[in-house]
Every structure is written in structure tokens, then in C-alpha cells.
Amino acid sequence: MTTVELWSDWECNGGDALGSLTVIGGSYGFEVDGSDQCDLTIVPDTRTTPALRDVLRIVDGTGVVTEYRVQSIGRTLADGTRTIKGLSPLADLATLGLVRSVTGGVTTYAVGGTYTPADCVDDVILTNLAADGGSWLAAGTIDPTAAVNITAPSAGWTRLQWLRALEDATGAELRLRRNGGTSYLVDLVDRIGASGATVRIGRGQNLVNLSAAENDGELATAITVQGLTPEGETTPAMIGENAWTLGAIPGSAPYWIPLTDPDGGAAPVVFDDQFVGNYLLTKTATTVEITDSRASDSAVLVAATAGLTAGDLVQLVADASATRLTEVTVPNVRRLHRVDSAPTLRGERNLVLNGVFARGASDYAIADVTNSIDAGRYRRDTATTLSMTGGTGGVPSTNLVITAGPANAIIYKDEFLSVSSGSARVAATTQLSGSGTGTIVLTANATVANGTAITLSTNVAGGYGPTRIAAFPDDSQPADGHVVKCPIDVTTHAWPHSTSTHYAYAGLHSSTYTVKRIAGGIGEYVYAAAGVSVYNNQSAAEHGNQNGSSVITDTVSEVVTRRLPLLRIDKPSTTAILASVLAAQRVPAASTVHYELSTSALLSADTDIRVSFYPARAAISGALGIGTYLRWWMLWLGPEAVPVPCGDRPHANDLVARGNRGLLARQLTANNITVSMLDLARLTGHSVTRETLTLGAEVELVDLGVTARVMGLQCDVTNPQNTRVVIDSRPKRLVQFLAENV
Amino acid sequence: MWINGRDLDDDGWTLTGLAGWMAGASVQRGVTALQNIGGVVPNSQYTVDQRTMPVTFERSLTSITDRDAALYTLQDRLRGLLWVRFDDAPARVVRCIATPLVVEPMAEVTVFSVAAIRVRCTLIAYDGASYDTEPQVRALATTPVEIPLGTLPSGGIVTWGGAWTATTARTLILRDAGGVARTTMTVTAPSGESLASTDFLEIDLLRRYVTKVTSAGVRTNEYDWYTSGDWITLDPAYQDRAATRYATLEISAGTAQITYRKAYAL
């Protein structure tokens with residue numbers, strides 16, 4: 001028999017039982033979309049008086065506990081009854097408070113970035129729980145693993161809005177799962193009820209009545225997904241700037257080549273013959289026609305493999321001219337087009353590889369970057385102090401042997417170490433071993449007794465001070481993400497930076513990409529941007545570019561000597577500089593300035609391009625204590641104004657995945673089925689697995705020959721056998737078939 | 001006829017009409033018909049209809065004033081929840097309420113007469129049961145104590161005393177006539193709370209209250225002392241009356257007694 005008790009709060013949040021309620025009617029339910037609620041009619045009792053925000057605890061005949069928060073209480077004078085409506089614990093996530101980050105005493109709600117779903121739940125959504133009274137929440141099962149990019153608007157989102165955005169981005173399903181009296185667990189699973197048994201419903205068994213109606217209301221065979229409209233723009237992001245990793249290329253025909261998402265997300269081909277007649281656009285601006293495709297391994301068939309290299313990124317385009325795709329379609333069926341709005345999803349693609357320096361052959365090597373200045377990757381949370389023990393054997397030597405230091409610590413080129421003979425300059429970036437030992441090569445001999453304590457130099461006055469920054473801007477990157485620490489640029493750089501001589505200066509150079517220019521359209525402009533931080537450790541002197549009088553100036557037009565960082569767009573094939581931007585704002589003494597540099601170039605034909613970066617040069621005084629950090633860089637084809645940085649992920653792939661999920665889900669007609677049935681499991685008073693209805697699991701409608709999904713269960717409080725089942729042969733949320741097929 | 005312990009004759013009224021008293025309340029069990037199979041599937045629970053007992057009272061009168069006084073008295077007697085007992089079943093009471101009185105003329109004469117008055121009303125017993133006049137009181141122990149019941153389930157109030165320290169759990173176990181434990185109810189003093197030896201816990205099995213009563217008579221809701229197990233229902237299905245074997249109750253510690261009334265369908 002079902003019992004209903006009144007509690008002061010969730011049991012897992014320290015709630016106390018207040019009393020038993022006399023229920024004379026009503027129901028409680030469960031929905032796949034999380035809108036569980038109960039609606040009860042009770043006989044009022046002065047000893048147990050429900051109040052708003054109390055908790056109703058319903059225990060069914062099998063001992064399963066379900067809790068609801070009292071959301072409304074109604075009174076009927078004629079019969080003295082009360083009606084109480086309660087909502088599931090998930091609704092609390094909309095009222096606990098906004099997800100936020102607090103940095104330097106300032107609270108920000110526009111939190112966002114690229115996260116794996118598990119990291120998003122742990123590090124973004126389930127934060128500040130104690131302050132918001134949500135300590136009863138914890139992360140549960142998180143099935144999707146591919147990283148997604150989600151950013152809340154400036155007004156912020158509640159935890160429930162964040163979870164819904166995560167649902168949309170991953171195609172998973174959200175459910176709050178009761179963990180006994182300990183907590184509620186946030187589950188983001190491929191499919192709710194995946195492990196539930198399929199219950200047969202049919203005449204002669206448990207069917208009381210069934211009605212079904214079919215319509216094409218949500219059928220779709222072509223979907224245009226419209227994503228984020230960047231501020232200042234009018235066109236939303238769409239699927240055009242997608243990018244996929246080429247799989248193994250067969251040595252002989254037929255040339256079936258799998259396409260995969262570079263971050264492990266959904267692959268692009270979900271129907272056989274999808275994208276047939278479209279093309280692959282390569283990084284060398286060639287196009288290759290797709291003559292066939294298959295969904296089993298998301299592979300495309302091409303006539304020849306010239307220009308295709310396994311591991312390269314290719315873009316799906318509409319035709320040989322590289323016209324961008326705007327929709328995903330189901331092949332060989334009548335066209336029925338829909339528009340899907342996903343205003344939080346971005347669509348741009350970073351044409352340079354390793355745009356946020358996440359990859360490298362070692363902890364400091366930078367993958368896909370030509371590094372002629374011995375810059376090294378630097379974790380954003382690196383300690384700004386070093387404590388080591390070593391020496392040169394007490395004799396002059398450029399080899400400083402470290403015998404005890406932090407495990408795997410990296411000492412960067414042009415950092416200064418404080419040794420007994422003064423400050424020693426590091427000649428090359430070096431990483432200590434896992435046991436904290438290694439040899440640091442110095443630019444000049446130093447005489448250091450073995451066993452000497454060695455730290456970073458603090459000799460600011462001599463220009464040999466520390467160049468490590470303690471904190472970086474968020475950049476929507478994880479706290480343990482990477483930036484690139486650059487040595488001091490000692491080359492004399494005249495300004496402007498426009499000649500072939502300047503082209504050859506040593507710096508950091510990205511991978512090369514050849515833009516296939518469409519006149520008046522995509523590829524006519526190329527844009528570059530970079531996030532840069534500069535630290536000036538001089539105690540009294542500013543650092544900046546110089547005018548003709550060797551005086552620091554913030555006006556680029558007056559600059560004749562560059563001393564601040566520089567970002568360029570180059571054309572490697574002709575060693576030409578297409579565009580450049582110089583950091584202009586001076587860096588005050590003992591200060592850090594964070595820049596966002598951006599520039600653009602007009603292309604007149606298909607053009608090979610790359611970005612190049614040059615760090616700050618020595619100070620006017622010759623002081624070398626200037627630290628330059630390249631936090632991120634990007635190269636893209638438009639629109640001009642995009643949220644920065646866009647990282648490494650081709651964001652349009654998320655739009656493609658969303659569109660494909662929609663096509664898969666919307667193949668079936670909307671089949672609204674209402675079933676009245678006997679819940680035979682409850683009839684016996686104990687659970688019978690094969691007859692137990694599970695939310696999200698499937699039911700087989702024997703008489704219709706249809707297998708449908710349980711989208712909702714409504715249980716009668718006073719008659720446990722009277723269970724109303726809401727089922728649908730098409731998923732209520734368009735993303736629900738994703739995990740099985742994409 | 002006795003109403004709330006007072007003989008109606010003492011007020012000069014005579015019960016002259018009574019129906020439905022010995023008709024048992026209708027016990028109903030819902031069923032659901034399934035398509036394409038024979039028979040029906042019964043619901044797991046049953047309901048009992050109310051019992052209605054039309055009654056007629058008569059009284060001799062001496063004057064209009066006497067009539068008015070008699071009617072006032074009868075209305076007073078029939079106000080609120082009534083415990084009604086009839087002379088042919090003096091050990092049974094029925095809880096009922098009375099519908100408004102309807103006065104009937106007694107003689108078909110053209111001359112106005114106040115010789116007597118006849119009044120009808122209907123007694124409605126909403127729970128359909130009749131009960132023993134005298135409640136049963138049983139002292140409970142750590143060994144099973146028999147709880148004889150009528151033919152319908154009974155409620156009961158358990159008063160449970162004995163010094164009870166914080167976080168200590170005690171159980172109340174209902175066993176059927178065969179000794180099989182049917183329901184175990186666990187009551188645990190929460191951390192920081194206790195029961196002195198002069199206090200007691202009052203557990204209303206029907207209304208599902210758990211109340212702490214101190215020696216000073218202060219009553220507080222302590223529902224959260226009930227921590228697990230189902231609420232105990234004293235169900236005659238657990239006894240074998242013909243064999244005089246009954247359901248039993250036992251406690252795990254402390255001193256307790258249960259007060260209940262046997263309930264009957266007829």
C-alpha cells in the first residue's frame with residue numbers, strides 16, 4: 001500500500017519526518033524529461049499541516065521511495081480537503097542559485113569553455129553547493145565523453161539550465177537519481193531506462209484500452225541547425241566550418257575512408273548515401289568528390305586519394321567550389337525541411353592546429369608549431385617559485401647539475417637562476433626528471449658548489465628578475481591548461497614589420513593551411529587573433545615600443561622600434577607578410593598586461609597562410625626580465641567577430657551532430673499512443689521484472705506491432721494498480737536516439 | 001437504545017423503528033475487465049461502504065411546551081459523533097452521526113393533537129463497523145501477547161514507556177496465529193532525544209501519530225522516531241477464531257500496552 005509522509009526537507013538534506021498524510025486521491029508521476037510531479041488530495045489534520053517547500057515522501061507497496069517538494073497547496077472549503085502539488089528534486093536545481101565563478105572578489109556568471117561532460121558537471125555545475133544549500137547533490141553516471149563547448153550568457157544560468165544545455169550539446173538524457181538517504185545523483189546517460197525490461201502490453205494480458213494517432217507533425221528529412229549569432233553579426237553559426245579526421249586510406253580501390261570527429265564526438269555519416277555528391281575540402285584547398293558513403297563506419301568513398309593524408313582534417317562542403325553546407329539531409333526520401341535552433345552552440349573553426357597548446361611531444365614541446373625560439377608549453381597553474389639543489393662541481397661550467405628539484409619541473413630558456421655566483425641565465429628549456437634531477441645548460445659559466453640551494457633569481461635591479469606570471473585570464477580554459485612561455489626576443493626589430501627580412505625573423509609559426517577563396521564570399525578575408533600576456537619585472541621602468549626618439553609610445557604609427565609582442569599572418573609560399581598587429585599598450589613597472597591581438601588579410605586567390613608570433617624584446621635598459629606568454633592563437637575565415645578563443649575544436653561538428661540526431665529521431669511519424677493498462681507487477685504486491693514498467697524503457701504493443709518507449713508513468717496513490725502509461729513511438733526529445741545510432 | 005452512554009428512555013423517548021442495524025456494511029472490491037480473457041482482475045484493496053440505520057422515535061406529550069422541550073433534548077442527544085448501543089447487542093457500539101430530524105404527524109385527524117410525536121432520522125456509520133463497548137487493554141512484553149480481534153481490522157494506541165536513550169531502536173512486531181512475523185515497526189530515539197522513565201511514547205496505529213507525552217502531560221509530535229518498517233494494522237486475517245489462535249504483538253524493550261476495540265462487520 002502506498003503511504004505518504006510529510007518531511008521538512010529531502011531526507012539526504014537532513015529532513016525530519018513530520019507526520020503521515022491521509023490521502024484520499026491523487027497521483028504521482030515520473031517523466032523522461034524530468035518534469036516529475038505529484039498531485040494529491042488530502043484530509044487536513046492539524047497535527048500534520050503541509051507547508052510550502054516541505055517534502056512529500058511517497059513509499060509504494062514495493063518500498064520504493066519518491067520525494068517531491070511541495071510547490072502549491074489548495075483548499076476546498078466545501079469538503080475541507082487540501083490539494084497539494086509537488087515537484088521533483090530536479091526543480092530545486094532551478095532555484096538554488098546561479099552557477100558562478102569568483103575571481104579576485106568579483107563574481108562572474110558568464111562562465112563557459114570547452115569541457116568534457118564529466119568535468120562540466122564536477123567543475124562548473126556542482127560548485128558552490130554548500131553556499132547554495134545544495135550539498136545533497138553529487139555527480140552520478142556521466143556517459144558522454146566527447147568535449148563540448150558551452151558558455152552561459154552574461155546574466156548567468158541556473159544549474160538546471162546548465163544541465164539542459166549539456167543535454168542539448170551531448171544528446172544525452174538528464175535524470176536525478178535518488179541515492180538512498182545520502183544524496184541525489186546527477187545522471188547524464190545515453191538513454192534513461194536502458195537496462196529496463198521490455199514489457200509486453202497486449203489484449204489477453206494486461207491491456208485495458210489503447211488509442212493511437214499518427215501525424216507528420218515532427219517528421220524531418222532535412223535540418224538546418226542555427227547556432228550562436230556572435231555579437232555584432234546577423235548570421236547565426238551553421239554547419240559549414242566543420243572538420244573531420246581522415247582515417248586510414250586504402251592502398252587500392254575502392255577507397256573507403258572513415259571520417260571521425262577529432263575530439264571523439266559523433267561521426268558525420270549516419271545514413272548510407274549521406275553526403276553523396278558533396279566534396280571533401282582539404283588543407284591544400286583541393287576538393288575531392290564523395291561518390292558513396294556508409295553509416296556503419298562513417299566512411300566516404302572517393303575515386304582517388306590524391307591530396308588526402310590519413311590524420312589530416314578535411315571539411316565537408318557542398319560542391320567543388322567549396323560552397324559551405326547549410327543542412328544535413330536524409331538521402332533518397334521526400335524532402336521535409338525543418339530548422340533547429342541551438343543558440344548556444346558555436347560554429348567557427350580554428351584553421352591552425354593546436355590553438356590552445358594542449359598537445360606536445362613532451363610537457364613543454366609544442367605540437368604542430370615551428371618553434372625557432374625554444375619557447376615551451378607552460379601550465380597555467382605552474383608555481384612561480386622554484387626550489388632546487390645542485391651545482392657545477394664548484395668549478396666554472398655551463399652545466400648546472402640539479403640533484404634535487406621538483407619532479408618534472410620545467411626551467412625555461414632565458415629564465416634567471418639565483419646561484420652563489422649571482423644570476424645565471426638558462427640557455428635552453430629543460431625538464432627535470434620524475435625524481436627531480438637533470439642538467440640545466442647556462443648561457444655562461446657559473447661556479448656553484450654542489451649542494452647549493454638554487455631558486456629563480458629575484459635580481460630585478462640587474463634586469464635578471466623572475467618572469468613567471470601567477471595568474472592568467474580565464475580564456476575559457478581549464479586551470480591546468482597550457483600557454484606558451486617565450487624567451488626574450490633579442491633580435492633588433494625595426495617597425496613596420498613588412499619586409500622579407502622581417503619574415504625570416506625567428507619566432508613561433510603555426511601549421512600552414514591553404515584557403516580556397518570564394519570571390520566575394522568565404523575565404524576572401526582571413527582573420528587571426530591571439531591572447532598574449534606580458535610581465536615586466538622592472539621595479540621602476542615601464543616597458544613598451546619606442547618612437548624615433550627612443551621614448552616609449554603607445555601609438556603604433558609612431559613606433560620605429562618594436563619591443564612588445566607581434567602577431568602576423570604570413571604567406572609561406574612567397575615568404576610574404578599579409579597582415580600584422582603590434583601590441584601597443586605599454587607595460588607599467590612590476591606589472592602584467594593581458595592583450596588580445598587581432599588582424600585580418602584580404603585574399604585575392606587561393607592562398608596558403610599561417611600565423612606567426614614574436615615575443616617581447618629586451619627592455620630599453622637592456623633588462624631581460626620581461627616575460628611573454630602566448631595564451632592562444634586562432635586563424636579563421638569569418639565572421640569577423642567571434643567569441644575568443646575558439647580553441648581546437650571544430651565547433652560546427654556539434655551542429656552537424658545535433659542535426660543528425662534530429663534526423664534520426666524524426667524519421668518516425670509522431671505516434672501519440674495512450675494506453676490504459678494494469679500494472680501487473682503491482683497487482684501481486686511485489687516486483688516482477690518482466691512485468692515491471694521502467695521509465696525510459698520500452699514496451700511492446702503487441703496488437704499494433706510497435707515498440708515504443710515509456711515517456712511517463714502516472715501512479716494512483718489510492719489504487720496502486722491504476723497506472724497510466726504515457727508512451728510514444730518517437731522520442732519526446734529529439735536527441736534520444738543518439739546513443740544507439742550515432 | 002443508548003446514545004453516548006445515556007439511555008434514550010430516560011428522556012422519555014421510545015425507539016419504535018429501526019432498520020439496517022443487523023445488515024452488514026457492504027464490502028466492495030474493485031475489478032478490472034481485460035479484453036479477450038474471461039473473468040476480471042480484482043484490485044488488491046477493498047472498501048467498506050457506510051452503514052445507514054433509519055430510526056424512528058416516539059414520545060407522549062402533554063403540551064406544546066413539552067413537545068418543544070422534548071425535541072430540544074433529542075437534538076442535543078443526536079449532535080456530533082455518536083456512540084450508539086442497542087439493547088439487543090449491549091456489548092456493541094456503533095460510531096455514527098445523525099441526519100437532521102424529521103417530525104411526522106401521528107394521527108390522521110382534523111383536530112390538532114399534541115398527544116404524541118414521532119420523529120425520524122437516519123444514523124450513518126461511515127466506517128461501517130460496530131465495536132466492542134469495552135476497549136481491550138493488553139500489556140505488551142518481549143514475548144508475544146495475543147491480540148484477539150473481531151471480524152474487521154482494528155486500530156489501536158500503543159503507549160510505550162521505560163527509559164529510552166538516544167539512538168536506541170526498539171521494535172514492535174505483529175505475528176500471525178502461526179507465529180510468523182507479518183509486520184515489524186522500528187522506532188528509534190533520534191540523536192539528542194530520549195525518553196525519561198516517567199514519559200511515554202503514544203503510537204496511534206490508525207491515525208499514524210507518534211506523540212511523546214511527558215509526565216507533565218506535554219504532548220509533542222515525534223513522528224521522526226518512527227524510522228522503518230510498515231505501520232501495523234491489526235487485521236483479523238492473521239487470526240484463526242475457530243481454533244482460538246490469535247495474532248500477537250511483542251516489543252523488543254521497555255514497557256508498553258495497547259488499547260484497542262474489536263471491530264465487527266455485523
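Predicted model: local features only at pLDDT ≥ 70, side-chain atom pairs only at ≥ 80, totals over all residues.

Colleague: Which residue in S6(A) is the bridge partner of Leu56(A)?

Modeller: Leu56(A) has Tyr68(A) as its bridge partner there.

Colleague: And how many residues sit between S5(A) and S6(A) in the hairpin?

Modeller: There are 5 residues between them, and Gly63(A) in that turn has a positive phi of about 90°.

Colleague: Which way does S1(A) run relative to S5(A), parallel or antiparallel?

Modeller: Antiparallel: strand S1 (residues 3–7) of chain A is joined to S5(A) by 5 bridges. One pairing to look at is Thr3(A), whose bridge partner in S5(A) is Val59(A).

Colleague: How many residues of S5(A) are buried, then?

Modeller: Strand S5 (residues 55–59) of chain A is mostly covered, with 4 of its 5 residues buried.

Colleague: OK, switching to cavities. How many of 30 Å³ or more turn up in the whole structure?

Modeller: The search finds 3 of them.

Colleague: Which strands supply at least two residues each to the lining of the largest cavity?

Modeller: Strand S37 (482–486) and strand S45 (626–636) of chain A both do. The lining residues include Lys485(A), Cys486(A), Ile626(A) and Gly627(A), and among the others are Asp414(A) and Glu415(A).

Colleague: How does that lining divide into nonpolar, polar and charged?

Modeller: For the largest cavity, the lining has 5 nonpolar, 2 polar and 4 charged residues.

Note on methods: Residues numbered from 1 in each chain as written. Chains lettered and ligands numbered in written order. Heavy atoms only, no water. Buried < 20%, exposed > 50% of the residue type's maximum accessible area, 1.4 Å probe, protein only. Pairing = 2+ DSSP bridges. 1 Å grid on protein atoms, 1.4 Å probe; cavity = no way out; pocket = protein on both sides within 12 Å on 5 of 7 lines; lining within 4 Å. Points joined across faces, edges and corners; volume = space filled by probe spheres on them. Nonpolar A, V, L, I, M, F, W, Y, C, P; charged D, E, K, R; others polar.
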